[in-house]
Amino acid sequence: SVVIGDGVTSIGDYAFYGCFNLTSVVIGDGITSIGNNAFINCSSLTSVTIGNSVENIGESAFAYCGSLTSVIIPDSVESISNSAFAYCSSLTSVVIGNSVTLISQFAFYECPSLTSVEIPDSVTEILKRAFYNCNSLTSVVIPDSVTKIGEGAFYLCGSLTSVVIGNSVTSIGKWAFYNCNSLTSIEIPDSVTSIGWAAFCG
């Protein structure tokens, strides 16, 4: 286990890379940034507590943490970087704090156990393949704050039965809901001006 005290202000790139026996991490309230690949491939990590001062979660920070089951991203976080939680195969629940404006590309890529995610009203864009192959995800509410659903954002989410698209979305990218073959109905609001190639194919 690792407890990072309040005196530390940042966790550098690759800081705990490949600590295969690490099961628990507590990140203190003094930390403002978690570096790229900081905990990548910590394959036994089951519990992460992210302190209330973290503003940025770096690229692939928790990627390949295959034992991680749930994540609460605090309100202090402004961005979830590329591939931050990619390949977290046991991740079932994600709560995203109310300051996140951008869910970057591949953020939750290949998280096949993910059943629920709360997207707050602060988010304006969901970038490409953010929830690619999250094939246990059954419902998603895209709030009115979101203007863009990126390319392949929910590609291969085969259990998705309910999608609510907020009233500010202007574009739905190509492959956005590709092969979401449990989806029976969807309401596309008047704000949408562009639906990309194969957006609802399959």
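Modeller: A nonpolar core here means a set of buried Ala, Val, Leu, Ile, Met, Phe, Trp, Tyr and Cys residues joined through side-chain atoms within 4.5 Å. The model is predicted. The largest such core has 61 residues, and the members that touch the most others in it are Phe-85 and Phe-108. At least two residues of this core come from each of S1 (2-4), S3 (24-27), S7, S9, S13 (139-142) and S15. A separate core has six residues, including Ala-63, Ala-86, Tyr-132 and Tyr-155.

Take Phe-108 to begin with. Leaving aside neighbours within four places in sequence, Phe-108 is in contact with Ile-73, Ile-80, Phe-85, Leu-91, Val-94, Ile-96, Ile-103, Ala-130, Phe-131, Tyr-132 and Cys-134. That list includes Phe-85, named above with Phe-108 for touching the most other core members. It also includes Tyr-132, a residue of the six-residue core.

Now the rings. The whole structure holds 16 aromatic pairs. In one of them, the ring centres of Phe-62 and Phe-85 are 5.3 Å apart and the planes meet at 5°, so this pair counts as stacked. Phe-62 is in the loop between S6 and S7, while Phe-85 is in the loop between S8 and S9, so the pair ties together parts of the chain 23 residues apart in sequence. Phe-62 and Phe-85 are both buried. Another stacked pair is Phe-154 with Phe-177, at 5.3 Å centre to centre and 5° between the planes. Here Phe-154 belongs to the loop between S14 (148-149) and S15 (162-165), and Phe-177 to the loop between S16 (171-172) and S17; the two are 23 residues apart. Phe-154 is buried, at 0% relative accessibility, and Phe-177 is buried with a relative accessible area of 1%. Ring pairs join Phe-16, Phe-39, Phe-62, Phe-85, Phe-108, Phe-131, Phe-154, Phe-177 and Phe-200 into a cluster. A ring of another kind of contact is that of Tyr-155: the charged end of Arg-129 sits over it, 5.0 Å from the ring centre.

The strands come next. S7, S9 and S11 make an open sheet in that order, with parallel pairing. Its edge strands are S7 (70-73) and S11 (116-118), each of which pairs on one side only. From one strand to the next the twist averages 0°. S7 pairs with S9 (residues 93-96) in the parallel sense over four bridges, and Val-71 stands opposite Val-94 of S9. Val-94 is also among the contacts of Phe-108.

There is also an open sheet of nine strands, in the order S2-S4-S6-S8-S10-S12-S14-S16-S17, with parallel pairing. At its edges are S2 (10-11) and S17 (194-195), each with a single partner strand, so one side of each has no neighbour in the sheet. Within this sheet, S6 (residues 56-57) runs parallel to S8 (residues 79-80), joined by two bridges, and Asn-56 stands opposite Ser-79 of S8.

Last, a serine in a loop. Ser-76 lies in the loop between S7 and S8. Its relative accessibility is 18%, so Ser-76 counts as buried, the cut-off being under 20%. Not counting residues up to four places away in sequence, Ser-76 touches Gly-51, Asn-52, Ser-53, Val-54, Glu-55 and Ser-99.

Conventions
Residues are numbered from 1 along each chain as its sequence is written. This is a predicted model: local features need pLDDT of at least 70, side-chain atom pairs count only at pLDDT 80 or more; totals for chains, interfaces and linings use all residues. Side-chain values use heavy atoms; hydrogens and water are left out. Two strands pair if DSSP finds at least two bridges between them. Axes are lines fitted to C-alpha atoms, for helices over the stretch in contact, and angles run from 0 to 180 degrees between N-to-C directions. Rings of Phe, Tyr and Trp (its six-membered ring) pair if their centres lie within 6.5 Å; planes under 30 degrees apart count as stacked, over 60 as edge-to-face and the rest as tilted. Buried means under 20% relative accessible area, exposed over 50%, partly exposed in between (1.4 Å probe, protein chains only). A charge sits over a ring if NZ of Lys or CZ of Arg is within 6 Å of the ring centre and within 35 degrees of the ring normal. Contact means heavy atoms within 4.5 Å.
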